Amino acid sequence: MLATSTPTIAAESVSVLHWWTSGGESKAIGVLKDDMTQQGFKWDDFAVAGGAGAAAMTALKAQVIAGNAPSAAQIKGPSIQDWADQDMLVPIDSAASGWKTELPPQIDQTMRAGKHYVAVPFSVHRINWLWINKAALDKVGGKPPATWPEFFALADKFRAAGIVPVAHGGQPWQDMTVWENVVLSQGPDFYRKALIELDPKTLGSQQMVDVFTTTRKIQSYFDKGYVGRDWNLATAMVISGKAGMQFMGDWAKGEFANANKVPGNDYVCAVTPGTANGFTYTVDSFAFFEQHGAKQASAGQIALAKTIMSTSFQEQFSLYKGSIPVRLDVPVTKFDDCAKKSYADEQSTLKSGGFLPSLAFGMVQSTVTAGAITDAVTKFMNSSEDPQAGVKELVAASKVK
Ligand code: GAL
């Protein structure tokens with residue numbers, strides 16, 4: 001007798017390179033893994049620890065050189081175009097109908113190379129946030145600082161109470177986060193001229209000297225052990241009340257949420273001093289790599305792109321990650337007050353021109369130029385260089401192409 005059986009088609013394995021390994025980050029990427037597994041795909045996780053992805057990018061290059069590019073990799077901003085220029089990416093247009101109206105125009109543009117969509121965005125993270133432990137704030141009788149003088153007054157109160165004023169991790173991207181926030185505090189126009197247009201006059205101005213002076217002063221409120229500390233460990237210091245404040249994008253909120261902390265009760269999210277009319281953003285995205293010479297995206301790659309942009313995923317991912325959905329048509333009703341504020345400010349700054357790509361997170365400038373600027377800022381943070389010298393190095397770095 002002939003046995004009839006349905007031929008089994010091996011489930012496509014989707015390999016995914018990313019750097020989401022902290023508590024909140026893992027929970028968020030876990031939503032995607034579950035979703036893809038339910039659709040019948042095999043999830044091949046390639047997580048490379050290291051905040052902001054420097055180690056992940058090194059791993060990606062090694063994979064590609066070895067002829068083993070992942071199905072999708074976490075790549076963002078202008079470097080999406082760099083990989084597309086190398087002919088490494090496949091179009092995913094069939095997953096992207098509607099994106100043009102569903103996404104903010106700046107973000108829609110970033111997902112394309114030429115006429116084709118080659119990457120899919122997850123969510124919008126705001127960079128200009130200050131996280132404050134609520135009990136510590138109450139203990140010193142402080143309020144969220146709206147200006148730098150208020151910030152330093154609060155930092156002094158924390159110090160007097162034996163609380164580390166500012167939790168920080170001395171890694172280049174975290175140093176950049178602090179410095180970039182001080183740049184933004186000079187106003188959205190100053191930020192645009194300096195970090196987007198790289199205007200030499202603005203970069204070399206007295207106002208920029210003041211930026212470095214303020215950065216140096218903030219640094220004097222870090223604790224001794226800050227060098228090399230991972231960002232989530234710095235966040236943990238604020239969660240526990242060991243430290244008062246942290247400058248960090250709102251993935252920090254993913255850590256607070258993961259520790260069952262509630263904004264308003266346990267911690268406060270405040271925009272960084274002087275930046276109420278600005279919104280520096282980073283948008284995480286996955287770019288899709290050609291697999292075994294195929295010029296078309298695979299079923300798994302298309303499913304991945306569609307899933308990430310689905311309204312249900314957009315909501316659940318950001319609830320865990322601390323971000324807001326990148327799709328403008330996903331309501332934030334289920335979100336906490338910090339996310340609601342982020343959403344409202346996104347809407348208003350999209351109109352006012354204060355919605356600005358973060359240089360610290362690779363959303364503007366080439367990798368080479370952004371790297372040179374990061375080196376200049378990191379050198380300043382790790383030396384006793386004076387602010388004038390910092391500015392000189394910044395101007396030189398901005399010309400590195
Ligand atoms: C950023 C990324 C965030 C967050 C952070 C820390 O580059 O955009 O999603 O994960 O790194 O790892």
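Select glycine 51 to begin: leaving aside residues up to four places away in sequence, glycine 51 touches Trp19, Trp173 and Trp231, where contact means heavy atoms within 4.5 Å. The model is predicted; local features need pLDDT of at least 70 and side-chain atom pairs count only at pLDDT 80 or more, while totals for chains, interfaces and linings use all residues. Residues are numbered from 1 along each chain as its sequence is written, and side-chain values use heavy atoms, with hydrogens and water left out.

Glycine 51 sits in the loop between strand E2 (42–47) and helix H2 (54–65); helices (H or I, at least four residues) and strands (E, at least two) are DSSP runs, numbered from the N terminus.

The ligand is surrounded by 13 residues, and the closest are Trp20, Glu25, Lys76, Asp284 and Lys321; a residue counts here if one of its heavy atoms lies within 4 Å.

- tryptophan 20, from a polar side-chain atom: 3.1 Å
- aspartate 284, from a polar side-chain atom: 2.6 Å
- lysine 321, from an N or O atom in the side chain: 2.5 Å

The ligand taken alone exposes 310 Å², and the protein buries 100% of that, by the Shrake-Rupley method with a 1.4 Å probe.

Next, select helix H1 (residues 23–38) and helix H13 (residues 251–258), whose axes come within 7 Å and cross at roughly 95 degrees. Axes are lines fitted to C-alpha atoms, over the stretch in contact for helices, and angles run from 0 to 180 degrees between N-to-C directions. H1 is therefore roughly perpendicular to H13, a term for angles of 65 to 115 degrees. Gly23, Gly24, Glu25 and Lys27 of H1 meet Gly254, Glu255 and Asn258 of H13.

Finally, select helix H8 (residues 172–184) and helix H17 (residues 367–381): the axes come within 9 Å and cross at roughly 85 degrees. H8 is thus roughly perpendicular to H17. Pro172, Asp175, Met176 and Trp179 of H8 touch Ile373, Thr374, Val377, Thr378 and Met381 of H17.

Technical notes
Parallel < 35°, antiparallel > 145°, perpendicular 65-115°, else oblique. Polar contact = N/O pair within 3.5 Å; in protein donor to acceptor, adjacent residues only side chain to side chain.
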